[in-house]
Amino acid sequence: SAAEKGGYDYFMLKEIAEQPKAVADTLLGRIDAAGSLTLDELRISPGALREVDKVVVIACGTAFHAGMIAKYAIEHWTRIPCEVELASEFRYRDPILDPQTLVIAISQSGETMDTLMALRHAREQGSRVLAICNTNGSTIPRESDAVLYTHAGPEVAVASTKAFLTQLVACYLVALYLGQVRGTKWGDEIRAVIRDLAQISGQVERVLETMEPVRELARSLAHKNTVLFLGRHVGYPVALEGALKLKELAYMHAEGFAAGELKHGPIALIEEDLPVVVVVPSPRGRSVLHDKIVSNIQEIRARGARTIVIAEEGDEAVVPYADHLVRIPVTPTLLQPLVATVPLQVFACELATARGNEVDQPRNLAKSVTVE
Ligand code: AGP
């Protein structure tokens with residue numbers, strides 16, 4: 001009913017709008033007054049966490065994209081090797097698991113059969129499984145050794161939005177906590193990022209306030225058949241997520257690529273007026289990546305692409321090559337997906353509406369996939 005949708009036409013719009021609160025709620029009570037993380041709820045002792053020598057993340061769909069981002073965070077802040085794998089592939093290739101392996105299973109619903117079967121397999125091999133889940137008491141957390149709940153509240157729309165942002169927050173919390181208990185050399189950076197995380201909900205809110213041009217752009221592209229998405233580093237999974245949203249909602253051919261792979265094949269797809277969304281890393285810090293992606297934008301534009309550029313406020317280098325420029329707030333490199341994903345959600349939702357598609361219940365899809 002209209003009341004359930006809180007005045008929005010679709011649950012998806014409501015859930016996109018709820019993201020600042022979902023992010024804040026997921027952080028709530030997990031950072032103490034001194035700025036340290038308090039994750040005693042994990043019920044894995046700091047001693048056991050210090051013994052972990054490998055992390056394996058398993059998930060499907062959007063949750064898998066959160067897992068890809070978790071890998072960057074975990075390896076950077078903890079120096080523990082981290083693999084991320086589609087749950088549906090995982091147990092069929094005889095993965096190497098032992099009691100020192102920490103397996104992280106990410107699932108909004110907690111009922112995804114592929115993820116459940118993968119975590120059962122990991123536990124049979126003696127690994128500890130930590131679930132990151134949005135649904136209290138669902139099967140995946142019940143069968144795991146530990147759980148960190150995301151506090152997105154119920155997500156009704158089939159296309160995941162607020163659950164994804166809170167999965168990212170939970171992944172950052174786990175990575176930072178692992179770094180904190182293991183006393184990595186990034187101690188100061190970890191403390192600084194915890195402070196930045198506390199600001200992030202307000203930044204997501206600011207992105208939401210500036211989305212009208214993105215909606216307009218989406219409407220103007222409603223007749224297109226294909227949209228490509230490019231990103232690098234943590235922007236690569238964001239590109240994959242943008243493409244998945246567009247497939248699910250707009251039923252358009254959408255593909256995400258690592259921008260560095262362009263020249264190894266996908267650049268052959270570029271043709272006159274093809275919309276290409278590019279997620280640009282911050283020009284600060286890892287500026288090499290920034291410069292490389294700016295030349296990618298130049299290259300595809302020279303071949304006729306219509307460039308839709310998502311770039312940090314103050315990044316002037318992209319301006320000459322952006323047919324459409326979407327600004328996102330300045331964040332630490334690893335946290336950028338929290339703000340960069342939002343315009344892609346809005347874009348896909350508006351395109352679906354413009355194409356007359358059912359936003360909350362896309363064809364052929366179920367909210368949780370309880371079959372293998
Ligand atoms: C997201 O928009 C999708 N509908 C889908 O990819 C989903 O993320 C996937 O099926 C995993 O679901 P889960 O998080 O409930 O395990």
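User: How does the shell around the ligand split by class?
Analyst: It has five nonpolar, nine polar and one charged residues. Here Ala, Val, Leu, Ile, Met, Phe, Trp, Tyr, Cys and Pro count as nonpolar, Asp, Glu, Lys and Arg as charged, and the others, Gly among them, as polar. This is a predicted model: local features need pLDDT of at least 70, side-chain atom pairs count only at pLDDT 80 or more, and totals for chains, interfaces and linings use all residues. Numbering starts from 1 along each chain as its sequence is written.

User: Which residues come nearest to the ligand?
Analyst: Gly-61, Thr-62, Ser-107, Ser-109 and Thr-112, of the 15 around it. A residue is near if its C-beta atom, placed from the backbone, lies within 6 Å.

User: And which helix gives the largest share?
Analyst: Helix H4 (residues 61-78), with three residues. Helices (H or I, at least four residues) and strands (E, at least two) are DSSP runs, numbered from the N terminus.

User: Switching to the sheet, what's the strand order?
Analyst: S2-S1-S3-S4-S5, an open sheet with parallel pairing; strands pair if DSSP finds at least two bridges between them. Strand S2 (82-86) and strand S5 (146-149) are at the edges with a single partner strand each, so one side of each has no neighbour in the sheet.

User: How many bridges join S1 to S2?
Analyst: Five, with strand S1 (residues 54-59) running parallel to S2. Ala-59, for one, has Leu-86 in S2 as its bridge partner.
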